[in-house]
Amino acid sequence: FTGTLIVGGNLTLTTGVLEAGTVSVVGNVVVANTTLPTDGAGILSLSSAGGQTLNSGGQSGKVPYLTINKPSGTVDASASGALGMLTFTLTSGTFTAPSAAITASSFAMTGGTFNHGNGTIRATHYPFLASNTTLQFGSGALYNLLFDSEDIYPDHTYDLTGTADVDGTLTLTKVGGISGGNILLSGNLVSTDTVVAGTTTLTFDGAAAQTVTMTSADIPDGDITINKTAAGNTVTLASNATWNGAGQDLTITQGTFSQGASFNLLTGLITVGANGTWSNLGTGDITLGGNVSNAGAINLNANGVGCTTDDIAITSTAGQRTWSGAGSFTLTDLNVTNQGGSMTAYSSTNTSGNGWTFNAGCIYTISGTCYTDEGITTMGSGRAVAIKVNGAGTYTANTNGSGVYTIPNIAAA
């Protein structure tokens, strides 16, 4: 049919498809149909004031186009099974999602409130649609976000408008590219797709510890930023990371980026902010496509202890890379090629093409607690502690509120 059919009560769809027209429902809806038409344009519209339910009995179903456009009230799909559609649209009102997946080729959340229900948004592709589709998730948070165009159309591309705020896991399995916008991720990143193009940027945020797993895989070529809630919050590699798209850079604004036990990093420019830390206490290698600037802390120490084998190799994709900044640098047990700047590496190998200073000695971190008596009453904060090594050098730190001091980068032969 054409035009709009208004259903004043409840609607149940169990077989057949909505080929055309709009069905506007005032009451509750059950969608148990499992077929999407290849040329269907039918719209299921939930646009009445007040509360409505969608699949309150746990049904799973598909509809060509689902539109939520309510002047007030909530569409409660929290009990629903998996939902599938060509396009999901939310312009006003509140939609409470199921814990199961919502699968669509396009999402248009331009208004209203989306409650994610700890479920998954699955961006996919249907071969009878355009070669690229649009994603707009509004200001609300998603839980899991999955890009999966399936084997039938693995090169499908997505245009992201604005920000996708992902509280759970971001997963890329089959996707040709993601362009535009920014993905804010406070959960883990998993990619199994070997080639992902596009300009979308990625920001790791939140307080929870995060992992990056992308063995022999890729993500979009936009810049990567780590901006955690606090300086001690971590993002840790659980696989090698290849972030080497043209102009793709890594910025650690706040938080700690760790290369984990043994994982390699290939990226462009690296910028460490005043509240940021780049840590590699394992054996993962580093290949730089740009320079390194540090206002925070960089701690590269193979195997995490001084004066062992030089198990971290630092190389360049082309030419010498310059290291600079007023932050702290701990550079120990490295195998270094084509790196420049006024850096000193300890117990490391000067392979070729370097402007660094190489010191055969080791560096250590010494910490302890200061007491006003024999180990009973701590001194408190602000007490200066100074150490010399064999009468040479002066290394200082102040105690914290518990009388504890930590002095890094103490050089000793």
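Let's start with P71. P71 sits in strand β7, residues 61-76. Strands here are DSSP runs of E, at least two residues long, numbered from the N terminus. Is P71 buried or exposed? P71 is exposed, with a relative accessible area of 66%. The scale is this: buried is under 20% relative accessible area, exposed is over 50%, and partly exposed is in between, with a 1.4 Å probe and protein chains only.

What does P71 touch, once neighbours within four places in sequence are set aside? The contacts of P71 are S47, S48, A49 and S92. Contact means heavy atoms within 4.5 Å. Now take P71 and A197. They are 126 residues apart in sequence, and their C-alpha atoms are 39 Å apart in space.

A word on the source. This is a predicted model, where local features need pLDDT of at least 70, side-chain atom pairs count only at pLDDT 80 or more, and totals for chains, interfaces and linings use all residues. Residues are numbered from 1 along each chain as its sequence is written, and side-chain values use heavy atoms, with hydrogens and water left out.

Next, T215. T215 is in the loop between β23 (210-213) and β24 (224-227). T215 counts as exposed, at 56% relative accessibility. Leaving aside neighbours within four places in sequence, T215 contacts S191 and S239. T215 and T251 are 36 residues apart in sequence and 21 Å apart in space, C-alpha to C-alpha.

On to the aromatics. A pair of aromatic rings is described by the distance of the centres and the angle of the planes. The rule covers rings of Phe, Tyr and Trp (its six-membered ring), which pair if their centres lie within 6.5 Å. Planes under 30 degrees apart count as stacked, over 60 as edge-to-face, and the rest as tilted. How many aromatic pairs does the structure hold? There are ten aromatic pairs.

Look at F88 and F107. Their ring centres are 6.2 Å apart and their planes are at 45°, so this pair is tilted. F88 lies in strand β8 (residues 83-96) and F107 in strand β10 (residues 106-109), so the pair ties together parts that are 19 residues apart in sequence. F88 is buried, at a relative accessible area of 1%. F107 is buried too, with a relative accessible area of 1%.

Now F95 and F114. Here the ring centres are 6.0 Å apart and the planes are at 20°, so the pair is stacked. F95 lies in strand β8 and F114 in strand β11 (residues 113-115), so this pair ties together parts that are 19 residues apart in sequence. F95 is buried, with a relative accessible area of 0%. F114 is buried, with a relative accessible area of 8%. Which residues form one aromatic cluster? They are F88, F95, F107, F114 and F137.

Cysteines next. A disulfide is a covalent bond between the sulfur atoms of two cysteines. The cut-off used is a pair of cysteine sulfur atoms within 2.5 Å. The structure holds one disulfide. C307 and C362 form it, with their sulfur atoms 1.0 Å apart. The torsion about the S-S bond of C307 and C362 is about -95°, so the disulfide is left-handed. This pair links distant parts of the chain, 55 residues apart: C307 is in the loop between β32 (297-301) and β33 (312-316), and C362 is in strand β41 (residues 362-369). C307 counts as partly exposed, at 34% relative accessibility. C362 counts as buried, at 6%. As for C370, that residue is buried, with a relative accessible area of 15%.

Then charge. Side chains of opposite charge can pair when their charged atoms come close. A salt bridge here is a side-chain nitrogen of Lys or Arg within 4 Å of a carboxyl oxygen of Asp or Glu. The count comes to one salt bridge. The side chains of R122 and D148 meet in it, at 3.2 Å, N to O. R122 is in strand β12 (residues 120-123) and D148 in strand β15 (residues 144-148), so the pair links distant parts of the chain, 26 residues apart. R122 is buried, with a relative accessible area of 15%. D148 is buried, at 16%.That is the tour.

Conventions
Helices (H or I, at least four residues) and strands (E, at least two) are DSSP runs, numbered from the N terminus.
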